[in-house]
Amino acid sequence: MLSLDFLDDVRRMNKRQLYYQVLNFGMIVSSALMIWKGLMVVTGSESPIVVVLSGSMEPAFHRGDLLFLTNRIEDPIRVGEIVVFRIEGREIPIVHRVLKIHEKQNGDIKFLTKGDNNAVDDRGLYKQGQHWLEKKDVVGRARGFVPYIGIVTILMNDYPKFKVRALLFPACFSHPSYNSFIRTRAEPCSLHICCCRCQCALLCLLCSLFQYAVLFLLGLFVLVHRE
Amino acid sequence: MNTVLSRANSLFAFSLSVMAALTFGCFITTAFKERSVPVRIAVSRVTLKNVEDFTGPRERSDLGFVTFDITADLQSIFDWNVKQLFLYLSAEYSTKNNALNQVVLWDKIMLRGDNPRLSLKDMKSKYFFFDDGNGLKGNRNITLTLSWNVVPNAGILPLVTGSGHVSVPFPDNYETTKSY
């Protein structure tokens, strides 16, 4: 059984290897955090990657799509742009398109938004008495798009017990198969991560990169989907 | 590699890596493409009224009505990485109150597979053309442009403006009859 294999190997590991594994994991989590904060600075947005949560922008964006945002001051808000904004007093960001802007000489701008799939503009969504949005409500403008990947965060939010299991899942596969390591000196894959007695070094490398990538992405998504 | 689970694991890992590479390939092969085409816009009728803005702040504002024609051939924009084009006709002008105003008059979603040749005649605007104030009366220079947002399968979301715009003057008087 999988869990028994895991525990056997843990017992066989000496302290140094255990520390190595823990540090490895810690490195991955902290590089995820560094990249996240770095993106926040480069893009100027407080949330540079968002997951689309509603179907109000179909057929362009569906639930679970990932959007890359920027919020640089030199880029003024113009009609037709897809903005992600938060209404005062509400946590959830909304992804809609700008319908109308009125900008004054000094740069003060007020604008109206509408979802592509909605029949009416967003005035019904704004606060009572609020007719326009302002720059301060904007989290960012959507500049890039990757489909489907964000479903993971939606699933983790809807089924919170899976959050823990999903994080442990790649860890189970990440345990070094110390039997083969100890027995065979000449080993094509020197990364110790994949459970390999495989001959193909490339597949081994991909396997291990994937384990790193999954841990990295899961760390990133836990940060993204903090609600 | 002799348990079902480890084989499934490597298979899963490999397929995810291949899909990620394909997605990146999709993005990088179309990232620097030119996405502008010539567009012909013609305006046949312009009317102006002054009513209470029932769509928003209830002040008396200028309400414009524009009847327009659009001709464009967007066939060359669609490629393997374009999922849809979000077309919108926007009016840009400046008034005493605001240095820059932009209003979307009409929009259309054009999916890949739909007829890419636009040949629309005598179209009425989809959205109410309310100004923030009374700046449309006698405004000599209202520029109508057709732009589109290219929505890819994966990659950048550029906003492209078609080359070819038209400038319309608005009348000096309000229309009082119940026309349109």
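Which residue of strand 2 of chain A stands opposite A:Val50? These legends go through some close-ups of a predicted model, and the first view has the reply.

**View 1. Strand 2 of chain A sits between two partners.** The residue standing opposite A:Val50 is A:Leu67, in strand 2 of chain A. Strand 1 (residues 49-51) and strand 2 of chain A run antiparallel to each other, paired over three bridges. Strand 2 of chain A also pairs with strand 7 (residues 138-146) of chain A, again in the antiparallel sense, and here there are five bridges. If you want one contact to look for, take A:Leu66, whose bridge partner in strand 7 of chain A is A:Val146. Strand 2 of chain A covers residues 66-70, and four of those five residues are buried, so the rest of the structure largely encloses it.

**View 2. A cis peptide bond shows up in a loop of chain A.** Follow the chain through the loop between strand 1 and strand 2 of chain A and you come to A:Pro59. The peptide bond joining A:Glu58 to A:Pro59 is cis, with omega at about -5°.

**View 3. Stepping back, here is how chain A is laid out.** Chain A has six helices and seven strands. Going along the sequence, the pattern reads α-α-β-β-β-β-β-β-β-α-α-α-α. As for burial, 44% of the 227 residues of chain A count as buried.

**View 4. Helix 3 of chain A has its buried residues on one side.** This helix spans residues 151-158, and its buried residues are A:Thr153, A:Ile154 and A:Met156. Why do they end up on the same side of helix 3 of chain A? Because the arc they cover around the axis is only 160°.

**View 5. A nonpolar patch lies on the surface of chain A.** Four residues make up this patch: A:Tyr148, A:Ile151, A:Leu155 and A:Tyr159. Together they have about 440 Å² of accessible area. A:Ile151 belongs to helix 3 of chain A, and it counts as partly exposed because its relative accessibility is 37%. A:Tyr148, meanwhile, is in the loop between strand 7 and helix 3 of chain A. With a relative accessible area of 65%, A:Tyr148 is exposed. Have a look at its backbone too: phi of A:Tyr148 is near 65°, a positive value in a residue other than glycine.

View 6. Over in chain B, strand 3 (residues 82-93) and strand 4 (residues 100-111) form a hairpin, with six residues between them. The two strands run antiparallel and pair over ten bridges. One of the pairs to pick out is B:Tyr93 with its bridge partner B:Asn101 in strand 4 of chain B. Now look across to the other chain: strand 4 (residues 94-103) of chain A is joined to strand 4 of chain B by four bridges, and this pair is antiparallel as well. Here A:Glu103 has B:Leu100 as its bridge partner.

**View 7. Strand 4 of chain B is mostly covered.** How many of the twelve residues of strand 4 of chain B are buried? Nine of them are. B:Gln102 lies in this strand, and at 9% relative accessibility it counts as buried, since the cut-off is under 20%.

View 8. B:Asp122 is found in strand 5 (residues 117-124) of chain B. Its phi is positive, at about 50°, although it is not a glycine. Is B:Asp122 buried or exposed? It counts as exposed, with 53% relative accessibility.

**View 9. A stretch of chain B carries a transmembrane annotation.** An unreviewed UniProt entry places the feature "transmembrane region" at residues 12-32 of chain B. In the model, that stretch is 90% helix and 0% strand. The C-alpha atoms at its ends are 32 Å apart.

Definitions and conventions:
Residues are numbered from 1 along each chain as its sequence is written. Chains are lettered from A and ligands numbered from 1 in the order in which they are written. This is a predicted model: local features need pLDDT of at least 70, side-chain atom pairs count only at pLDDT 80 or more; totals for chains, interfaces and linings use all residues. Side-chain values use heavy atoms; hydrogens and water are left out. Buried means under 20% relative accessible area, exposed over 50%, partly exposed in between (1.4 Å probe, protein chains only). Two strands pair if DSSP finds at least two bridges between them. The arc is that of the directions from the helix axis to the C-beta atoms. UniProt positions are given in the numbering used here, feature names are shortened, and annotations may be inferred rather than shown by experiment. Patches are made of residues with over 30% relative accessible area and no salt bridge: like charges are joined within 9 Å, nonpolar side chains (Val, Leu, Ile, Met, Phe, Trp, Tyr) within 5 Å. Accessible areas come from the Shrake-Rupley method with a 1.4 Å probe; for residues, only the protein chains shown count as cover. A salt bridge is a side-chain nitrogen of Lys or Arg within 4 Å of a carboxyl oxygen of Asp or Glu.
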